[in-house]
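Here is a report on one structure.

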Amino acid sequence: MNEPAGLASYAYAVARPFDPARLAGVRGVDGAEVRLVRYRDLVAVVSPVPLAEFDEAALRAKLERLPWLEVTARAHHAVVQAVAARSVTLPLRLATVYRGDERVTEVLRQGHWRFRAALDLLAGRVELGVKVYADPQATAPATPPAASSPGRDYLRRRRAQHRARDDARQRAAAAAAQVDAALAELAVDSRHRPPQSPQLSGARGENVLNVAYLVDAERAEELAARARRLEAEAPGVRVEVTGPWAPYSFAPPVGEEHA
Amino acid sequence: VNGTREVALVDLLDRLLAGGVVLTGDLTLAIADVDLVHVSLRALIASIEAGQER
């Protein structure tokens with residue numbers, strides 16, 4: 001059906017069918033209740049949103065507003081995680097909006113075999129995020145011996161600081177490569193992302209590795225444990241594991257425009 | 001592995017704006033061309049700067 005009264009269908013994920021009653025109480029963007037749109041052996045998880053708030057101009061403006069972006073991202077994520085807890089799930093990009101459920105059905109129909117192939121690949125697997133940081137504590141230089149002049153003392157201290165920081169960064173980069181190699185052994189796939197800015201993350205230390213691993217669900221704990229062990233073995237670096245996530249980073253290109 | 005703790009926004013945006021299947025929506029046709037990560041980072045940086053000025 002097409003949505004009445006200027007409503008559109010916001011699509012969160014494509015999944016293998018499951019009992020819609022299991023999504024009772026799950027709310028999406030703007031607190032709207034989510035529902036399933038089914039086509040053969042696929043479902044799309046959608047909720048109604050006001051058409052006018054998701055047209056291109058409105059969306060462009062909203063994406064620049066962090067409070068809106070955060071609330072929407074968290075709502076999107078909450079639905080995706082709820083679906084992922086119930087079925088094999090292919091998360092969709094934030095703000096994928098259709099004029100109505102008929103259009104959603106059409107998208108499922110056109111992308112049918114590609115969605116199915118993607119879901120087959122993701123079945124029983126989860127995404128784990130791993131970040132390696134150069135620990136700022138380890139980069140703090142030892143106090144150099146006092147010099148005769150304050151100016152020379154200052155320059156010497158600055159040089160020592162720079163050297164220490166470069167050394168720490170190199171150690172961290174080497175440790176990060178080791179961590180990545182050791183964890184990739186347990187994973188079926190990996191995606192490297194640009195390191196996160198400490199300004200944005202608020203994290204201590206410099207992010208030298210930011211990677212997502214796709215791992216068989218029963219090996220997720222093993223990967224996290226190995227990450228902790230690697231951290232303990234590498235002084236001066238911190239290893240942070242997040243997840244399990246729905247496989248956001250391993251969603252293949254299945255755009256219907258290539259149909 | 002943390003299943004319950006609220007996830008960091010920056011980790012979330014890493015995934016929601018750079019990951020996920022990209023379909024051409026009806027209302028977001030041109031958004032596909034917009035560098036969403038760039039947009040979001042600009043918003044994040046602006047908010048951090050605003051916070052620091054306070």
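Arg74(A) lies in helix α2 (residues 66-84) of chain A. Helices here are DSSP runs of H or I with at least four residues, strands are runs of E with at least two, and both are numbered from the N terminus. Leaving aside neighbours within four places in sequence, Arg74(A) is in contact with Glu6(B), Val7(B), Ala8(B), Leu9(B) and Leu12(B). Contact means heavy atoms within 4.5 Å. A polar atom of the Arg74(A) side chain lies 2.9 Å from the backbone oxygen of Val7(B).

This is a predicted model: local features need pLDDT of at least 70, side-chain atom pairs count only at pLDDT 80 or more, and totals for chains, interfaces and linings use all residues. Residues are numbered from 1 along each chain as its sequence is written, chains are lettered from A and ligands numbered from 1 in the order written, and side-chain values use heavy atoms, with hydrogens and water left out.

**The interface**

The contact takes 58 residues from chain A and 39 residues from chain B. The area buried between the two chains is about 4300 Å². Carbon and sulfur atoms give 62% of that area. Buried area is the accessible area (1.4 Å probe) that two parts lose on being put together, summed over both.

Across this interface, 13 residue pairs are in polar contact, both at pLDDT 80 or more. A polar contact is a pair of N or O atoms within 3.5 Å; within protein, one must be able to donate a hydrogen and the other to accept it, and residues adjacent in sequence count only if both atoms are side-chain atoms. On the side of chain B that touches chain A, α1 (9-18) and α2 (36-53) of chain B are the elements that give two or more residues. By class, that side has 24 nonpolar, nine polar and six charged residues. Ala, Val, Leu, Ile, Met, Phe, Trp, Tyr, Cys and Pro count as nonpolar, Asp, Glu, Lys and Arg as charged, and the others, Gly among them, as polar.

**Salt bridges**

Side chains of opposite charge can pair when their charged atoms come close. A salt bridge is a side-chain nitrogen of Lys or Arg within 4 Å of a carboxyl oxygen of Asp or Glu. Two cross the interface of chain B and chain A. The table gives two examples.

| Residue | Partner | Closest N and O atoms |
|---|---|---|
| Lys131(A) | Asp11(B) | 2.7 Å |
| Arg109(A) | Glu106(A) | 3.0 Å |

Arg109(A) and Glu106(A) both lie in helix α3 of chain A. They are three residues apart, about one turn of the helix.

**The largest cavity**

A cavity is a set of points on a 1 Å grid over the protein atoms alone where a 1.4 Å probe fits but cannot get out; lining residues have an atom within 4 Å of a point. The largest cavity has a volume of about 50 Å³, taken as the space filled by probe spheres set on the points. Its lining divides into nine nonpolar, no polar and no charged residues. α3(A) gives the most, with three residues.

**Backbone details**

Most residues other than glycine have a negative phi, and most peptide bonds are trans. Asp30(A) has a positive phi of about 65 degrees although it is not a glycine. A cis peptide bond joins Gly243(A) and Pro244(A), with omega about 0 degrees.

How values were computed
1 Å grid on protein atoms, 1.4 Å probe; cavity = no way out; pocket = protein on both sides within 12 Å on 5 of 7 lines; lining within 4 Å.
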